[in-house]
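Please consult the sequence and the structure shown below alongside the text.

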Amino acid sequence: MNLATLPRKLAHGLPYLSKEVRAIVSDRTPLFIAVPRVVYIWRGAPCNARCIMCDYGFLKGEAYKKLITSAFTDEMMPRTLTEIHELCGRGTLVSYMGGEPTLSKQLPEWVAQASSLGLDFRFTTNGYNMTEELAAKMVSAGVFNIGVSLESIDPKINEIIRPYPNGTARTIRAIELLRQESKRQGKHISINVKTVLTELNLESFLEIVRHFGNEDGMMYTPQGYEPITGTPDETKKKLYIMDPDRVQRFTDEVRKLKAEGYNVHITESGLKELVKMYRDSVGKAHTMHGEKMEMDPSEPICNIGTDNMFIHDGAVRLCPLHPEIGSMLDPNRKSLKEMWHSEKARQVRQGTRDCRRMCTLSCLRRTPLTHKVRTFMKIA
């Protein structure tokens, strides 16, 4: 880490640290003073790709139409961002997921509004639409983090999983355009290269990390492939990793990368659970939502309901796997702040604390404070 950037990182990180302290107090004492550190906005929206591991890749007809539409419309976003700020204040990450976000013309406006409110806006893209002009708009608007989905730097592998003409080159170019624009404007952004680990590309993740390097702001998130309900059997057979020993060797290599200073966004617990997931489900190619695997009894309680909020097509939740606490679509609804402090939220929050489900999705994994701080200091 460059010492010259340390003051900026500390100033940016202190509001997040404050939220972590509030969450710890709220989890360990009767006093509840926590507010969300991350707010996820998920909505149905169009995508320009048909990746085979994704429901966009295999749904058709009315099911596909439902996937690309949402009652939570573009017009609701500005007010939602304002309410997130009213509840959370500065030091809050707004994570937007809606099809391919760059298809929305309002995206730069949402980024700019969030930035003006002191919120850190991030989204994930396949990079196919990224141009010099759009990269300049994103950096200028103040985007904090952009996730870029890439399964391999080898087109022969990547474009089996993500079948798009010249898609690998487009994605790699998007990463380079964003890095160049960040340097040109002198405005820092972080880039998170996200890889779904499958039978076809498991070791490709290691190549991706070394290809883009450990430059300040770069991070890498591995995600074990878990079939979605309805995934064709042919796709499961092609993608699901059947050899848990291979996964074990892979996690050993990831540990080496982390020891060398590469910002791989997975904890030691996450690496162990990745192996456990495949060892405990050999030959099943299960979906995690369908098969409730439990974490090790020694693991701490889940605090997702203390420092996260999810807005999924308007439904407000503390965890995607637990009941909603309100709806943005209700004309007589409470504000997000009122929902967060409601009796319903208190009950659901207790349910999340009691939950022992083993979650491997990066947005659900339990993450120690030390890991959060190290990651933040590398990307901020």
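**A strand within a mixed sheet**

Strand S3 (residues 119–125) and strand S4 pair in the parallel sense over four bridges; two strands count as paired if DSSP finds at least two bridges between them. The model is predicted: local features need pLDDT of at least 70, side-chain atom pairs count only at pLDDT 80 or more, and totals for chains, interfaces and linings use all residues. Residues are numbered from 1 along each chain as its sequence is written, and side-chain values use heavy atoms, with hydrogens and water left out. Helices (H or I, at least four residues) and strands (E, at least two) are DSSP runs, numbered from the N terminus.

**Strand S4 and its partners**

- Arg-122 stands opposite Asn-145 in S4.
- On pairing with strand S5 (residues 190–197), S4 again runs parallel, over five bridges, and Gly-147 stands opposite Asn-192 in S5.
- S3, helix H6 (residues 132–141) and S4 form a right-handed β-α-β unit (with the strands pointing away from the viewer, the path from the first strand over the helix to the second runs clockwise).
- Five of the five residues of S4 (residues 145–149) are buried, where buried means under 20% relative accessible area with a 1.4 Å probe, protein chains only.
- Asn-145, Gly-147 and Ser-149 are on one covered face of S4, and Ile-146 and Val-148 are on the other.

**Asn-145**

- Asn-145 is buried, with a relative accessible area of 4%.
- Its side chain makes a polar contact with the side chain of Ser-190 at 2.7 Å (a pair of N or O atoms within 3.5 Å, one able to donate a hydrogen and the other to accept it; residues adjacent in sequence count only if both atoms are side-chain atoms).
- Beyond four places in sequence, the residues that Asn-145 touches include Phe-121, Ile-191 and Met-219 (contact means heavy atoms within 4.5 Å).

**The whole sheet**

- Nine strands form an open sheet of mixed pairing, in the order S6-S5-S4-S3-S2-S1-S7-S8-S9.
- Strand S6 (218–224) and strand S9 (324–327) are the edge strands, each pairing on one side only.
- Strand S1 (residues 38–42) and strand S7 (residues 308–312) run parallel and are joined by five bridges; Tyr-40 has Phe-310 as its bridge partner in S7.

**Nonpolar core**

- The largest nonpolar core has 81 residues, of which Ile-84, Phe-121, Val-193, Phe-205, Phe-212 and Leu-336 touch the most other members (a core is a set of buried Ala, Val, Leu, Ile, Met, Phe, Trp, Tyr and Cys residues joined through side-chain atoms within 4.5 Å).
- Another core, of ten residues, lies apart from it and includes Tyr-16 and Trp-42.

How values were computed: Buried means under 20% relative accessible area, exposed over 50%, partly exposed in between (1.4 Å probe, protein chains only).
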